[in-house]
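Please keep the sequence and the structure in view while reading.

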Amino acid sequence: MNDTPRKRTAASCTVLALALGAGTTGCSGQDSHPLSARPYDAARQVAFNAPPSGTKADPDKPLVVTAKGEDGRITDVTAVDTAGRYLAGELSVDGARWSSTAPLAAGTRYTVRVATENGGGAPGLRTLTFETASPKRLLGIELGPKAGTYGVGQPVTAELSSPVAATADRAAVERSLKVTSDPAVEGAWHWVDDTKLHYRPKEYWPAGALVEVHSTLDGVKVGDRLYGGPAKPLKLTIGDRVEAVTDASTHRMTVKRNGEVINTIPVTTGKPGFSTRNGVKVVLGKEYFVRMRGTSIGIPVGSAESYDLPVYYATRVTWSGEYVHAAPWSVGSQGYANVSHGCTGMSTAHAAWFFKNVREGDIVEVVNSLGAPMDPFGNGFGDWNLDWDEWRTGSALLQGSGDAAAGAGGARLRPRV
């Protein structure tokens with residue numbers, strides 16, 4: 001048998017050994033480098049400020065790990081809780097001390113792995129577990145809307161049980177609220193007030209998108225002795241892109257589905273003194289029958305403008321009472337004049353069609369009205385009346401408070417060689 005391959009293998013081994021340098025045996029399979037050894041138990045080399053067995057740690061106090069004696073140092077520390085959240089920390093340059101730089105989560109269990117090395121460069125390992133005390137003050141959070149299918153304009157909402165005002169505390173809340181979509185889109189949270197946030201994408205949601213929302217706030221410190229509580233996750237499906245645009249000057253509503261015009265409807269909008277709000281609104285709900293009274297918008301009973309009417313096929317777009325609805329009493333003016341008290345009126349047949357073809361979250365926009373602009377918040381979902389730059393200013397993270405995910409953090413020392 002030809003033994004040429006065996007000679008080539010031996011030659012290759014020799015070259016590899018020379019390339020790796022002295023102390024490396026190359027093809028022999030043996031390695032004398034200190035880091036190749038199995039880590040020794042570093043229990044006698046490190047100390048923790050964790051509580052005694054059977055007691056729980058105060059989450060308001062930092063976790064501190066220190067190296068004992070002079071023959072060794074800490075090279076790395078990883079602390080992670082049962083939710084998979086890493087505790088940020090900082091390691092001193094000399095490897096003598098590691099301290100957490102972020103608050104511990106409350107009501108959870110931590111696993112801490114400490115890597116060390118001795119004077120000879122051999123690696124050590126020490127693992128510790130401990131529990132943190134449950135919080136006395138919880139920040140409840142409710143995500144909305146309820147699970148279901150919505151139009152492309154539907155914002156995601158988060159309602160807090162207690163006010164959160166400080167920017168740093170808001171950032172902690174916001175960082176813990178996760179919104180993902182398929183397909184992925186750019187989006188941001190906006191603080192409406194101290195207890196309410198809205199999330200929307202830069203543009204309308206893509207038709208057919210799947211949106212998932214969940215919170216990792218449970219146990220996270222938000223403010224002074226205030227910690228996040230659990231929240232039920234949320235899944236939404238986005239339907240077709242349905243947009244109804246009413247031009248108050250031409251008295252026509254144009255309805256599109258996925259960019260295609262599917263109906264043009266003669267309408268009447270608010271007359272002078274009661275002009276319909278301009279801007280983008282979002283369908284809030286649908287009511288087959290509503291009793292509409294002038295007193296609901298401040299019109300005295302018995303005055304010239306007073307009314308008390310049964311209304312059918314009413315699609316609500318503001319909480320204050322603006323609807324798209326059937327108005328058989330004004331059919332003669334529809335398509336020609338604005339005679340309503342602020343709602344968009346149409347024939348019963350057209351209103352029934354509209355009622356059937358829209359859902360919550362669909363877009364209803366009014367242009368060329370003499371009315372005031374739609375409020376962004378407080379009277380429905382006027383979120384889309386803020387441009388993207390304005391929207392982003394309402395985010396505690398995007399104001400410059402930082403959006404770095406909490407990780408192991410801190411320095412990692414290079415092992416001695």
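## Surface and burial

Accessible areas come from the Shrake-Rupley method with a 1.4 Å probe. In this predicted model, the accessible surface of the protein chain comes to about 21200 Å². Carbon and sulfur atoms contribute 52% of that surface. The protein chain has 417 residues, and 41% of them are buried.

## Overall architecture

The protein chain contains 28 strands and 5 helices.

## Nonpolar cores

The largest nonpolar core has 37 residues. The members that touch the most other members are Leu 139, Leu 160, Val 173, Leu 177, Trp 189 and Trp 205. For Val 173, once neighbours within four places in sequence are set aside, the contacts are Leu 139, Leu 160, Val 164, Trp 191, Leu 217 and Val 222.

## Helix α3

Which residues of helix α3 are buried? Within this helix, which spans residues 348–357, they are Ala 351, Phe 354 and Phe 355. These three lie on the same side of α3 because they cover an arc of only 100 degrees around the axis. Ala 349 and Lys 356, by contrast, are exposed on the other side of α3.

Key:
Residues are numbered from 1 along each chain as its sequence is written. This is a predicted model: local features need pLDDT of at least 70, side-chain atom pairs count only at pLDDT 80 or more; totals for chains, interfaces and linings use all residues. Side-chain values use heavy atoms; hydrogens and water are left out. Helices (H or I, at least four residues) and strands (E, at least two) are DSSP runs, numbered from the N terminus. Buried means under 20% relative accessible area, exposed over 50%, partly exposed in between (1.4 Å probe, protein chains only). The arc is that of the directions from the helix axis to the C-beta atoms. A nonpolar core is a set of buried Ala, Val, Leu, Ile, Met, Phe, Trp, Tyr and Cys residues joined through side-chain atoms within 4.5 Å. Contact means heavy atoms within 4.5 Å.
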